[in-house]
Amino acid sequence: LDGGHDNMAASTACFTYRTVGVVPRLFAARSRCQIPSVPLSGSSRTDLWRRNCSSGREDRTAHFGFETVSEEEKAKKVYRVFENVAQRYDVMNDAMSLGVHRLWKDSLLRVMNPAPGMQLLDTAGGTGDISFRFLEFVRWQEAGRARRAARSLQTVSWQQIADVYRSRPTGDGARAVVCDINKEMLKVGKQRADDLGYHTGLSWVVGDAEELPFEDDSFDVYSIAFGIRNVTHIEQALQEAHRVLKPGGRFLCLEFSRISNPILSRLYDAYSFQLIPVLGEVIAGDWKSYQYLVESIRRFPDQEEFKALIEDAGFYKVQFQNLTAGVVAIHSGFKL
């Protein structure tokens with residue numbers, strides 16, 4: 001199951017009452033679909049996507065796959081989809097991608113390049129795949145550092161060894177917070193964490209990507225893998241990502257995208273629409289949920305369109321990297 005530019009202020013500001021822990025605070029949230037006051041550079045397809053977005057807000061409707069529903073109904077439908085697939089989610093990911101999703105997530109972690117002490121918000125993190133990789137990456141780095149330190153101590157005295165031992169840093173270390181709106185997905189993730197032995201540096205929070213229950217400037221990295229296409233207001237989720245990141249923090253999104261090669265695209269469509277729902281029925285007993293997931297991929301903006309939305313949310317140096325010929329893409333941006 002992851003700000004905004006000064007020249008992109010929405011014409012209407014709505015005030016939302018948010019509770020973080022036990023401290024209520026009032027803040028102004030920008031309009032859910034920001035339309036710049038001056039034309040932005042970009043393709044006509046991006047402009048068309050924004051106009052459609054604006055129209056949808058006025059009508060208070062949203063896309064649930066190829067179906068048009070009310071925003072409230074979409075939120076409920078998406079919740080039920082992931083509630084239904086939670087127990088078989090990881091098995092289905094392996095079946096649908098032939099295991100390649102593991103390589104995609106590994107690529108995301110290489111781009112992230114976690115370091116000791118880093119604070120990660122794993123939004124729509126559900127079953128914990130990204131957070132587990134994050135913690136394992138940090139452990140590997142720390143183990144390498146310990147090995148190098150051990151080699152440097154081969155010819156020193158016992159007193160020097162004792163001094164080094166006492167001077168070792170004992171800081172809080174890296175931390176991953178898995179935030180997901182779906183309690184069933186988090187339940188599966190917690191069970192996996194127990195089974196795999198991840199007990200420290202990891203926490204689980206029920207929260208909405210469009211209204212994150214965290215203070216401003218809280219995290220070094222915000223990641224969202226295969227989740228942002230399921231939110232009702234992508235722009236709002238991006239603004240929330242910008243808000244909770246520290247200055248200098250990084251936004252990373254791994255999401256299905258568009259294949260530019262027409263032959264490969266047709267083959268991929270045939271596989272997606274004809275086989276994936278069947279796999280969903282056979283493995284998870286749920287045809288409709290996986291039909292929605294396929295349709296939601298086709299509704300999601302392509303690489304350049306999504307890049308423009310990330311820039312609109314206030315991120316800088318926004319780039320994307322295609323994986324598997326564009327089946328998925330990693331988008332990256334920084335909060336300055």
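**Figure 1. Aromatic ring pairs in the predicted model.** Ten aromatic pairs are counted, where rings of Phe, Tyr and Trp (its six-membered ring) pair if their centres lie within 6.5 Å, and planes under 30 degrees apart count as stacked, over 60 as edge-to-face and the rest as tilted. The rings of F132 and Y198 are stacked, because their centres lie 4.8 Å apart and their planes stand at 5°. This pair links distant parts of the chain, 66 residues apart: F132 belongs to helix 5 (residues 129-152), and Y198 to the loop between helix 7 (183-196) and strand 7 (202-206). Helices (H or I, at least four residues) and strands (E, at least two) are DSSP runs, numbered from the N terminus. F132 is buried at a relative accessible area of 5%, and Y198 is buried at 11%; buried means under 20% relative accessible area, exposed over 50% and partly exposed in between (1.4 Å probe, protein chains only). The rings of Y222 and F251 have centres 5.6 Å apart and planes at 20°, so this pair is stacked. Y222 in strand 8 (residues 219-225) and F251 in strand 9 (residues 245-256) are 29 residues apart and link distant parts of the chain. Both Y222 and F251 are buried. One aromatic cluster is formed by W104, F226 and F256.

This is a predicted model, in which local features need pLDDT of at least 70 and side-chain atom pairs count only at pLDDT 80 or more, whereas totals for chains, interfaces and linings use all residues. Residues are numbered from 1 along each chain as its sequence is written, and side-chain values use heavy atoms, with hydrogens and water left out.

Figure 2. Seven strands, in the order 7-6-5-8-9-11-10, form an open sheet with mixed pairing; two strands pair if DSSP finds at least two bridges between them. Strand 7 and strand 10 (316-323) are the edge strands, each pairing on one side only. On average, neighbouring strands of the sheet are turned by 15° against each other, direction ignored. Helix 4 (residues 100-112) packs on the sheet and touches strand 5 (119-123), strand 8, strand 9, strand 10 and strand 11, its direction making about 160° with that of strand 9. Contact means heavy atoms within 4.5 Å; axes are lines fitted to C-alpha atoms, for helices over the stretch in contact, and angles run from 0 to 180 degrees between N-to-C directions. Helix 7 lies across strand 6 (175-180) and strand 7, at about 165° to strand 7.

**Figure 3. Strand 11 and its partners.** Strand 11 (residues 328-334) runs antiparallel to strand 10, joined to it by six bridges, and pairs with strand 9 in the antiparallel sense over seven bridges. Within strand 11, F334 is the bridge partner of Y316 and also stands opposite R250, while H331 stands opposite F320. Six of the seven residues of strand 11 are buried. The hairpin of strand 10 and strand 11 has four residues between the strands, and T324 takes a positive phi near 50° there.

**Figure 4. Helix 11 and its ends.** Eight of the ten residues of helix 11 (residues 303-312) are buried, among them F306, L309 and I310. At the N-terminal end, D302 caps the helix, with a side-chain oxygen 3.2 Å from the backbone nitrogen of E304. G314, with a positive phi near 110°, follows helix 11.

Conventions:
Polar contact = N/O pair within 3.5 Å; in protein donor to acceptor, adjacent residues only side chain to side chain.
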